[in-house]
Amino acid sequence: MPERIAERALAWTFERLAPGDELQVGYFGGEPLLAWDLLQQYHLRALELGRQKELGKLVGSVTTNGTLLTEERMDWLEGHGVVAAISLDGVRESHERTRPFVDGTSSFDAVQRGMQIALRRAPLTEVLCVIDPRNVRQMAASARMPCTCTSMCCT
């Protein structure tokens, strides 16, 4: 999103809020972590506007496939009140049908790695699964899919 549009959207939103109000600012669409610098910039601006408006609470959320999630990025997200939701379209076969990398290769293992980072830090991380005609036959198996997190958060 161009900076001037993001600034206008934030200004429009904050103009309509009163002190003590609560707000969630969501970053999603495409892969938000591809524009990491902009995500940080916009969220810092939202936090600044929230302080000026004396909001009761401002929470950020990012919907990501997790492939670009690192420990350092989780540090920043947690430190700035941004929760992550990971897009995983079920078991490997299901996910590969709907969310390959641009070059057509599987993103499943990279998503699993990002999910493990998120779950170690935030055990209540949401997982988003999009049911699509290409993966609906695996829906039951996907619902039964065991957690692959290797830390204590999933025991």
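Partly exposed, as used here, means a relative accessible area between the buried limit of under 20% and the exposed limit of over 50%. At 24% relative accessibility, Arg45 counts as partly exposed. This residue returns below, in the salt bridges. The model is predicted.

## Overall layout

The protein chain holds six helices and four strands. Along the sequence the pattern reads α-β-α-β-α-β-α-α-β-α. The C-alpha trace spans about 50 × 35 × 25 Å along its principal axes. The chain has 155 residues, and 40% of them count as buried.

Strand 3 covers residues 82–87. Five of its six residues are buried, so the rest of the structure largely encloses this strand.

Which strands pair with strand 3? One is strand 2, residues 57–64, which pairs with strand 3 in the parallel sense over five bridges. Within this pairing, Val62 stands opposite Ala84 of strand 3. Another is strand 4, residues 126–128. Strand 4 also runs parallel to strand 3, and three bridges join the two. Here Ser87 has Leu128 of strand 4 as its bridge partner.

## Helix 5

Helix 5 runs over residues 108–121 and has 14 residues. From first C-alpha to last it reaches 20 Å. That is close to the 20 Å expected at 1.5 Å a residue.

Is helix 5 mostly covered or mostly open? It is mostly covered, with ten of its 14 residues buried. Among the buried residues are the nonpolar side chains of Phe108, Val111, Met115, Ile117 and Leu119. Gln112 and Gln116 are buried as well.

## Salt bridges

A search of the whole structure finds twelve salt bridges. Side chains of opposite charge can pair when their charged atoms come close.

| Salt bridge | N to O distance |
|---|---|
| Glu7 and Arg45 | 3.0 Å |
| Glu48 and Arg45 | 2.9 Å |
| Asp89 and Arg99 | 2.9 Å |

Take the pair Glu7 and Arg45, which meet in a salt bridge at 3.0 Å. This pair links distant parts of the chain. Glu7 lies in helix 1, residues 3–15, and Arg45 in helix 2, 38 residues apart. Glu7 is partly exposed, with a relative accessible area of 32%.

Arg45 also meets Glu48 in a salt bridge. Both residues lie in helix 2, three residues apart, about one turn of the helix. An α-helix has 3.6 residues a turn, so residues three or four places apart point the same way. Glu48 counts as partly exposed at 34% relative accessibility.

Asp89 forms a salt bridge with Arg99, the closest N and O atoms being 2.9 Å apart. This pair, too, links distant parts of the chain, ten residues apart. Asp89 sits in the loop between strand 3 and helix 4 (92–98). Arg99 sits in the loop between helix 4 and helix 5. Is Asp89 buried or exposed? At 2% relative accessibility, Asp89 counts as buried, because buried means under 20%. Arg99 counts as partly exposed, at 25%.

Salt bridges with shared partners also build a network. It joins Glu71, Asp75, Glu78, Arg120 and Arg121.

## Two loop features

Glu54 is found in the loop between helix 2 (36–53) and strand 2. Glu54 counts as exposed, since its relative accessibility of 57% is over the 50% limit.

Ile131 belongs to the loop between strand 4 and helix 6 (139–143). Ile131 is partly exposed, with a relative accessible area of 42%. With Val136 and Met139 it forms a nonpolar patch on the surface. Together the three residues have about 250 Å² of accessible area.

Key: Residues numbered from 1 in each chain as written. Predicted model: local features only at pLDDT ≥ 70, side-chain atom pairs only at ≥ 80, totals over all residues. Heavy atoms only, no water. Buried < 20%, exposed > 50% of the residue type's maximum accessible area, 1.4 Å probe, protein only. Pairing = 2+ DSSP bridges. Patch = residues over 30% accessible without salt bridge, like charges linked within 9 Å, V, L, I, M, F, W, Y side chains within 5 Å. Areas by Shrake-Rupley, 256 points an atom, 1.4 Å probe, with all protein chains shown as cover. Salt bridge = Lys/Arg side-chain N within 4 Å of Asp/Glu carboxyl O. Expected span 1.5 Å × (residues − 1).
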